[in-house]
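Trainee: I have a model open and want to learn how to read its packing. Where do we start?

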Amino acid sequence: MQFHHHGYVSGDPRVQPAAGYGVGRPAELPDEVDVLIVGSGPAGMIAAAQLAQFPGIRTHVVERRAGRLEMGQADGIQARSVETFQAFGFAERITAEAYRITEMAFWKPDPADPRKIARAAVPPDDSDGISEFPHLIVNQARVLDYFAEVAARGPARVTPDYGLEVTGLSVPEAPGEPVTVTLRHTAGPREGTERTVRAGYVIGADGAHSAVRQAIGRRPVGDRANHAWGVMDILAVTDFPDVRTKCAIQSHDGGSILLIPREGGFLARWYVDLGEVPPGGSARVRATTLDEVIARANRIIHPYTLDVKDVPWHSVYEVGHRVTDGFDDVPAEHTGTRTPRVFLTGDACHTHSAKAGQGMNVSMQDGWNIAWKLAHVLAGRAPEALLATYSAERQVVAQELIDFDREWSRLMATRPEDLPDPTYLEDFYVKTAEFPCGFMTRYQPSMIVAGAAHQHLATGFPVGKRFKSAPVERVAEGNPAHLGHHARADGRWRLYAFADAAAPGEPSALRDWAHWLGTADDSPLLRHTPSGGDPDAVLDVKVVYQQDHLGVEFADVPEVFRPRVGPFGLIDYEKVYATDPDHDIFDLRGIDRGGAVVVVRPDQYVAAVLPLTSTDDLATFFAGALLPQG
């Protein structure tokens, strides 16, 4: 990480100096805010952490609970989420305390005695190297703690106001007027009393029974699968040999179990199949006792036994698959005619089973998506039209999630003998690995996603998909680095210039491009950087050369890649990279040796791939995505 550029830092560099609204931030929720986040779950807290990087924005979070979450129901952390944690600065710390999934065991009826189960296959969790980041299990409460830390340490010093729930919300018809939100105190000396807050925008991250969703007239669309599961976090003694391995267990006639080892070395989560729910039988199924769930688990894992010693949490639920009919407050017939003011995220707009481990992961991407867009609009960086892309992008992702989860839940509940072939379940798990890892999302062309006319110049960076990092060498000191890991969740766009073959100092397409970017009237770097701001305040420009670090003289690199930043005008040495000879990024990511420019959004999705010579196209793209600055 980088620090000291504003002067010597003797304490924790992760604690950024308070600025703007963060200086003298009011201790209590004020009557007027720019962004009101309702709910402090994964979607709400990642949004808070992102908006905390913008000190000019009055961001507040309200949560109906009286304090922090003690124990969360979600626990699966996919590789895309760990990649996101890296951007927010805590991937290493949360990985150290998490359980890491490296393989999954599939247990089925023993062919020699179907009354017993036997291990059938143990495929690796990521056999194709989809990501350099791991697949983790860690309590949702800890994820929220880390995001809360980032939000509280950001320049705007965002912290949740606990003990407040939404009881009413009114969106004004006149543009520019605030959204009126009625809140009721749920705890403390003012419990039961109400107050009103006026907000420029509202993010509804308040769960499956969202009051925000109800207030804007949105409704979840979908159905139940008429199948019930008991879930329990347990401390137990068992002779089941794979209790510390993620398992899918299918018995001959007793149902199925999804076993998820938890962090800490002893705790495990067991999803126990309770069978079909008959018409009108929901109440009876929900009344299933913990002892009955444990007994069912013992029948499924026969001949092994499970002796439960402690149960920190358990529940019974029916699988449901629902997507809200819109993710903002603008009716379909008014799309494009007015600006959305209220946005739905996470469980407020999509609900599904927990067995695919997607709920918290997709919710976080919802929150990040809308947060950086709101920040751009409120900071005057982008036009309000940007906000309409939230629902357009995330509703498609939610439907894809529901379709995947419906199929995975169906297969988990199907008897092995009823599947098309004996290895169908584990084959499906391996074949679809990229989706649950979080890397199948691909946004369609819009004002912030260009077309794919030049995709052949960088085939490993598909336009609309997340930027897949690769090893490089940092020229200034020769250290190995991962190109994408340096990008922080600071609200900036990234421009990665991949050089043609010429060495620095020699005539080249890269040198011409850099000269244009640093001097031309239509340069997006000059057009969209605020007057008096650091040169990289909005667009973070980096270069990757085809030579190794010894073949690049830093002094010969164009000045646009060596910006002077901070009050002392210090040179930023972490914009210039060379190729790692053992892991050539040009080969790994299919980058044309004639060079290319890859544009990446603040949420790490590739927005454009262009030739170094297409300066007009680059200028036009940013003219549509950003506003000119004075």
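Mentor: Start with a term. A nonpolar core is a set of buried Ala, Val, Leu, Ile, Met, Phe, Trp, Tyr and Cys residues joined through side-chain atoms within 4.5 Å. Buried means under 20% relative accessible area, exposed over 50%, and partly exposed in between, with a 1.4 Å probe and protein chains only. In soluble globular proteins, nonpolar side chains tend to be buried together.

Mentor: Two ground rules. This is a predicted model: local features need pLDDT of at least 70, side-chain atom pairs count only at pLDDT 80 or more, and totals for chains, interfaces and linings use all residues. Residues are numbered from 1 along each chain as its sequence is written, and side-chain values use heavy atoms, leaving out hydrogens and water.

Trainee: Which residues have the most contacts inside the largest nonpolar core?

Mentor: Phe88, Phe147, Trp493, Trp513 and Phe561, in a core of 117 residues. Helix H8 (residues 359–378) gives the most to this core, with 9 residues. Helices (H or I, at least four residues) and strands (E, at least two) are DSSP runs, numbered from the N terminus. Another core lies apart, with 50 residues, among them Met104, Val397, Leu401 and Leu419.

Trainee: What is phenylalanine 147 in contact with?

Mentor: Contact means heavy atoms within 4.5 Å. Skip neighbours within four places in sequence, and phenylalanine 147 touches Met45, Ile46, Ala49, Phe85, Phe88, Phe90 and Met364.

Trainee: How do I read ring pairs?

Mentor: Take rings of Phe, Tyr and Trp (its six-membered ring). They pair if their centres lie within 6.5 Å; planes under 30 degrees apart are stacked, over 60 edge-to-face, and the rest tilted. By this rule there are 23 aromatic pairs. Tryptophan 513 and phenylalanine 561 are a stacked one, at 6.3 Å centre to centre with 15° between the planes.

Trainee: Why does that pair tie together parts that are 48 residues apart in sequence?

Mentor: Because tryptophan 513 lies in helix H12 (residues 509–519), while phenylalanine 561 lies in the loop between strand E22 (539–544) and strand E23 (564–565). Tryptophan 513 is buried at 1% relative accessibility. Phenylalanine 561 is buried at 0%.

Mentor: Now an edge-to-face case. The ring centres of phenylalanine 621 and phenylalanine 622 are 5.2 Å apart, with planes at 80°. Both are buried: phenylalanine 621 at 10% relative accessibility, phenylalanine 622 at 0%. Ring pairs also link Phe85, Phe88, Phe90, Tyr146, Phe147 and Trp368 into a cluster.

Trainee: Where does a charge sit over a ring?

Mentor: The test is NZ of Lys or CZ of Arg within 6 Å of the ring centre and within 35 degrees of the ring normal. Arginine 341 has its charged end over the ring of tyrosine 201, 5.5 Å from the centre. Arginine 466 lies over the face of phenylalanine 439, at 3.7 Å from the ring centre.

Trainee: How many residues of helix H2 are buried?

Mentor: Helix H2 (residues 79–88) has 10 of its 10 residues buried. They include Arg80, Glu83, Phe85 and Phe88. Just after H2, glycine 89 takes a positive phi of about 95°.

Trainee: And how do I read a sheet?

Mentor: Two strands pair if DSSP finds at least two bridges between them. Here an open sheet of 3 strands has the order E3-E7-E4, paired antiparallel. Strand E3 (76–77) and strand E4 (99–101) each have a single partner strand, so one side of each is left without a neighbour in the sheet. E3 joins strand E7 (residues 135–137) through 2 bridges. Isoleucine 77 stands opposite leucine 136 in E7.
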